Amino acid sequence: MSNDTPSRKSKAIPTSRFSRVSRLGALAGKIAGNVVTQGAGQLLRGEKPALSSLLLTPKNMTNVANQLASMRGAAMKLGQLISMDAGDFLPPELATIMSRLREDADPMPKSQLIDTLNQAWGENWQDDLLYFSFAPVAAASIGQVHKAITMEGKMLAIKVQYPGVRKSIDSDVDNVATLINLTGLIPKSLNIKPLLNEAKTQLHQEADYNREATMLTRYGSHLADMERFLIPSTYQPLTSETVLAMDFIEASNLDALLDEPQNVRNAVMSDLMSLFFNEVFNFKLLQSDPNLANYKFNVETKQIVLLDFGATRDIPDDISVGYKELLNSAALQDTQRMKAAALDIGLIDSTHEAAQVDAVIGIGMEACESLIHDEPYDFGTSTLVQRLHDKGMTLTAEHDFWHTPPADALFIHRKLGGLFLLARRLGAQVNMRELAAPWLE
């Protein structure tokens, strides 16, 4: 039995609803104080301060990032979503600060970890394991991972959920949404309540480790003939609602790919893009969290290791069919067909004006530019992300287009966007039309 202690300073997770609300309340007060101080300074200099510029300062963002990281759970998860989606468009100083939420969370103290495992496994659990490392190998928003060895010599990864995470999800989402609304960056006319409800549902699913174990098995069954991928198997005797035990797979972070030759990087990215198409059109089962920590790489075998299936969700048949139509309309450059597919999916609706629809379809066509030509698309030199961002800003500013698409569509776009950013980071060159060929007419 190991007595390792975490190398990163541990911090107890606030478990009661009152303590979590109090932390966010104190955070809001601290931000308000900073706004008043900075706004007064600008007024004394004869400047007219804008509320958004006062709220989104490095000092305030540091306070937000640190508080969300210390709370873990839904609060940190929402911060990660904001960070990952906007990281490429934030000013450098803000992007650096918000990247704090993409790093490992602060691990919980050893005493809190032992209490959590006592509740899940009983107080004599240490007698039943040959080895357990109290130093986590990873600490994320909902739980942290430890290495263990059974008496039979089987090496396991043990994911332990932070105490209080599940019961605090709804209030965390509501309170963080309030903080986001304070910035004034989201117009009051935009109804984000359905998205917040979907976020709560998703987070409750992620906090159910029995469900994740089931999804791990279901997803793994689809990969039986795909030798390029490795996925852990669940170890059922130690798995419960708050503890997930699975195979420990030795692999490197994806940054290891940066040292690999171009053809290896291309092959890895081609495999991941092909897997995405299979998820939407064949499996109809999407691992919807594109966090880079969910992918590992075995340098020796060149295999891709897939981790974390808490965010796995079923793709409804009509959404799958709609995106197949969208794929074909993009490959054929058929704007009318894309418009019909976008209506069916819910990306636009009958209330939108012709100019708004044309702008949306134009962005959709541009987003799919890699499908037009039967040749490798160079993600490393592509300016597509910035172009889409600029046109998206124009869409809201000039066309007043505020629309909440179905949650299934958002998760699909989110996964694809994460893959695109990874491909750009790796400088990969991928023939997207060739990968999409099985689903093209």
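Tutor: Start with Gln333, in the loop between α11 (317-332) and α12 (335-345). Helices here are DSSP runs of H or I, at least four residues, and strands are runs of E, at least two, numbered from the N terminus. This is a predicted model, where local features need pLDDT of at least 70, side-chain atom pairs count only at pLDDT 80 or more, and totals for chains, interfaces and linings use all residues. Residues are numbered from 1 along each chain as its sequence is written, and side-chain values use heavy atoms, with hydrogens and water left out.

Student: What is the phi of Gln333?

Tutor: About 55°, a positive value although Gln333 is not a glycine.

Student: New topic: which residues have the most contacts inside the largest nonpolar core?

Tutor: Ile158, Met269, Leu272, Leu306 and Tyr323, in a core of 97 residues. Such a core is a set of buried Ala, Val, Leu, Ile, Met, Phe, Trp, Tyr and Cys residues joined through side-chain atoms within 4.5 Å.

Student: Which helix gives the most to this core?

Tutor: Helix α10 (residues 262-283), with 11 residues.

Student: What does Leu272 touch?

Tutor: Leaving out residues up to four places away in sequence, Leu272 touches Phe229, Tyr295, Ile304, Leu306, Leu419 and Leu422.

Terms used: Buried < 20%, exposed > 50% of the residue type's maximum accessible area, 1.4 Å probe, protein only. Contact = heavy atoms within 4.5 Å.
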